[in-house]
Structure formats: structure tokens, C-alpha cells
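Here are my notes on this one, as numbered points. Have the viewer open while you read.

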Amino acid sequence: MLAASLESAVRLHAIQGAEADKLTPGAYAERFGKAFGERNQRFLLLRPLRPSSEDPIAALAEALQVTRKAVEKEGGKQGDPRPFGDPGVPSGLKLAIQAGIAAALAGFFMLSIPNTRARAFLMALSAAIVVFPAGYAALVATVAFPVLAYVFLMQHREKSPWLQLAAMIGISLLGGLAVAGLLNGVPYFVKAAVFPGVKVAHFLPIGVAMVLMAGWVTPWRNLLQKPLTLGGILIGTAGLMIFAIMATRTGNDAPGGVSGLELAMRSALEQFLVVRPRTKEFLIGYPLLIVGLLGMEWSRKRGTGPGPWPLLVGAGSIALTSIVNTLCHLHTPIAVGLTRIGIGAVLGVVFGLIAWAGVHSLWLNRQGKGLA
């Protein structure tokens with residue numbers, strides 16, 4: 001039914017009771033205002049601010065009033081919802097984007113596969129992406145570009161860590177823009193067509209990046225010959241727990257996993273920033289990535305082994321996959337997505353430098369010498 005009525009379809013935004021109970025009137029209004037302004041939600045389904053109020057009708061009226069003001073602040077107004085218009089992206093342009101994705105994947109195989117015949121076969125196979133359905137070609141891009149960023153890193157180990165960081169962000173951003181261009185259309189705006197493999201796009205690039213970086217620390221042939229240790233079991237278990245937490249938190253409607261403290265932090269960020277960046281980017285992904293890159297440079301200047309730093313760089317792929325995923329949200333205007341990515345990168349660099357200062361200080365206490 002939805003696919004047959006795209007010209008009159010609008011998106012609806014609701015809020016779960018478990019989350020509504022945690023929100024102040026200001027946070028409640030902000031939630032719906034941002035849903036309109038940043039996520040193009042055209043129909044807002046409200047819950048009373050205080051479900052247990054003695055006068056639930058008055059509580060609902062208050063919810064209506066604060067939400068109307070929030071929507072007006074975002075440049076909208078109360079009225080009949082306006083359906084999405086067709087952006088009119090030429091089919092030839094989308095074909096060119098798919099050809100670009102095929103070329104990127106072929107480049108990945110060329111740089112990372114040592115066997116000549118296997119490399120040639122996989123590069124030729126990459127050309128088939130040109131005839132893939134758009135959704136599956138986009139899925140390939142969400143996985144390929146963050147991984148390609150790590151292949152670039154391995155090919156340019158001697159470069160400045162800041163140049164490495166900029167290149168890795170740029171490659172991931174290019175992948176996100178390719179996905180946004182490829183899926184730009186009303187069916188994806190209103191979710192008549194759904195981007196396939198959301199969980200795969202989140203976690204497969206992180207897993208591949210960790211494998212690549214683990215091989216940087218110790219060749220896999222040697223690693224597989226080592227006996228299993230308690231430390232390895234603990235690290236593996238911790239990694240699986242982090243992945244499980246990320247899996248439960250992936251998606252827009254996961255209020256059970258969001259604490260009141262985090263909701264308050266989100267509200268504060270939305271008040272002081274134009275667009276709220278993703279928490280996992282600036283608090284987890286970028287700090288891990290920056291500490292790892294600076295740590296590798298620190299070790300390289302001393303002529304020591306890579307140490308644990310490449311593993312931190314691999315875990316920092318959380319930030320790169322998040323960049324691509326931000327631009328996969330086709331209901332959000334591209335300008336908003338790019339702004340969110342930019343703010344997340346700036347904050348991530350700040351927190352990354354703070355984290356490196358802490359790590360470096362601890363290292364100084366142990367080594368008794370500074371950064372060369």
C-alpha cells in the first residue's frame with residue numbers, strides 16, 4: 001500500500017512511554033522539534049507529558065503547546081503534513097555512482113590480495129556491482145569504504161597521523177555520500193524501500209578492521225599457533241560484550257538502553273550545538289583512533305614494535321562506520337548529516353587529544369622520558 005501511494009505518504013514520529021517518562025517538558029519539546037527539523041518527520045504522535053497526572057487532558061494540551069513551539073523554532077508550522085517530492089536524480093548518475101563503488105572495491109582487492117590470480121578474479125567480480133540492485137550496491141559501499149580506509153593506512157604507515165586520520169575520514173565520507181546519492185529517492189525517504197543489512201553495515205567493517213590491525217601487531221600465522229591465554233579470553237569476552245551493547249543500541253528506538261544521564265547529556269548537546277553528534281563517534285571512536293595513531297607514531301620514532309596501538313586504531317573504526325551510517329539515513333537532509341559528522345569529528349579530536357595526554361602522561365611516569 002505504501003509503495004503504491006508514495007505521492008501522498010508522510011513519515012510519523014512517535015515516542016515510547018519508557019522514554020517519555022524520563023523527559024522534562026523542554027527535552028520532550030526538543031525531541032519532537034528535532035524529529036521535524038533533522039529527520040523530516042511530518043506527522044508527530046504525542047503522548048501526555050505526565051501520564052499519571054490528575055488532569056491528563058491538561059497534560060496533553062501542554063505537550064501540544066511545547067511541541068508546536070519547538071516545531072516553529074525549527075522553521076515549521078502546524079498544519080497538514082506535506083508529502084515528499086521526487087528529487088529527480090538521473091539514472092545515469094546513479095549508474096556512475098555504482099561504477100565508482102565497483103572501482104573502490106576493485107582497488108581494495110588490488111591493494112590487499114597478494115595472490116595474483118585471486119586478485120584478478122575478485123577485481124573482475126567487482127564489476128558486477130554495476131548491475132546490482134541499488135540497495136545491495138549501497139550495502140557493499142557501507143562495508144567497503146571504511147575497510148578501504150584501513151587498507152590506505154597500511155599502505156601509508158610512515159605518513160603523519162593527522163594526514164592518516166584526515167584520509168581515513170575522507171574515504172569513509174566518500175562512501176557515505178555514494179550511498180546517499182545512490183538511494184536518493186522518495187521510496188527510501190518514506191521507508192517504502194529499506195536499506196538492507198543495517199547490522200552488517202555497522203559491525204562487519206569493524207570486525208574486518210580489527211582483523212587487519214591484529215595482523216599488523218602479530219602475523220596471523222604466528223597468532224594462530226600461540227596457545228590460548230586467560231588474557232586473550234578476557235579481551236575477546238570484553239570485545240563481544242561491547243559488540244552486544246552496540247547491537248542493542250543500534251536504531252532510533254532503543255529507550256531501554258538509554259539512561260536518564262545520557263538523555264540529559266543529549267539534551268545539553270542539542271541546546272548548545274546546531275546538531276547533536278553521535279556519542280559513539282566523539283566519545284569512543286575518535287579517541288580510540290587518535291590515541292592509536294599517535295601511539296603508532298610514538299613507537300615508530302623509537303624503533304620499537306607496534307605494541308597495542310594498531311588494535312586501538314582498529315577499534316576506532318566505530319567512528320568511520322558511524323560516518324557512513326549517518327549518511328545512510330535518507331530521511332535526514334544531507335546538510336544535517338554533514339554538519340553532524342563535522343561536529344562529531346571536531347569534538348572527537350578534542351576528546352582524543354585529552355585521552356592521548358592522559359595515556360602519554362602515564363607512559364611518562366613509567367618510562368621517565370617524554371615524547372621525542
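1. Start with Phe 189, which is buried at a relative accessible area of 12%; buried here means under 20%, exposed over 50% and partly exposed in between, with a 1.4 Å probe and protein chains only. Bear in mind that this is a predicted model, where local features need pLDDT of at least 70 and side-chain atom pairs count only at pLDDT 80 or more, while totals for chains, interfaces and linings use all residues. Numbering runs from 1 along each chain as its sequence is written, and side-chain values use heavy atoms, with hydrogens and water left out.

2. For the overall picture, the chain has 16 helices and two strands; these are DSSP runs numbered from the N terminus, helices being H or I with at least four residues and strands E with at least two. Of the 372 residues, 42% are buried. Take the contacts (heavy atoms within 4.5 Å) with a separation of 6 or more: residues 24 or more positions apart account for 77% of them.

3. Phe 84 and Phe 189 make a tilted pair, at 5.5 Å centre to centre and 45° between the planes. Phe 84 sits in the loop between helix H3 (56-73) and helix H4 (91-112), and Phe 189 in helix H8 (residues 186-189), so this pair ties together parts 105 residues apart in sequence. Phe 84 is buried too, with a relative accessible area of 11%.

4. Trp 309 and Trp 356 are another pair to click on: the ring centres are 5.9 Å apart and the planes at 65°, so this one is edge-to-face. Because Trp 309 lies in helix H14 (residues 309-315) and Trp 356 in helix H16 (residues 334-367), the pair links parts 47 residues apart in sequence. Both Trp 309 and Trp 356 are buried.

5. Next, charges over rings (NZ of Lys or CZ of Arg within 6 Å of the ring centre and within 35 degrees of the ring normal). Back at Phe 84, the charged end of Arg 42 sits over the ring, 4.2 Å from its centre. Arg 157 does likewise over the ring of Trp 216, at 4.1 Å from the centre.

6. Val 190 is in the loop between H8 and helix H9 (198-217), and is buried at 7% relative accessibility. Neighbours within four places in sequence aside, Val 190 is in contact with Leu 2, Leu 6, Ala 9, Arg 11 and Phe 84. Leu 6 is 184 residues away from Val 190 in sequence, yet 7.8 Å away C-alpha to C-alpha.

7. Last, the second largest pocket. On a 1 Å grid over the protein atoms alone, a pocket is an open set of points with protein on both sides within 12 Å along at least five of seven lines, and lining residues have an atom within 4 Å of a point. Its volume is about 520 Å³. Of the 18 lining residues, Arg 42, Leu 44, Lys 77, Gln 78 and Gly 79 are the closest to the centre. H3 gives the most to this lining, with five residues.

Key:
Phe/Tyr/Trp six-rings, centres within 6.5 Å; stacked < 30°, edge-to-face > 60°. 1 Å grid on protein atoms, 1.4 Å probe; cavity = no way out; pocket = protein on both sides within 12 Å on 5 of 7 lines; lining within 4 Å. Points joined across faces, edges and corners; volume = space filled by probe spheres on them.
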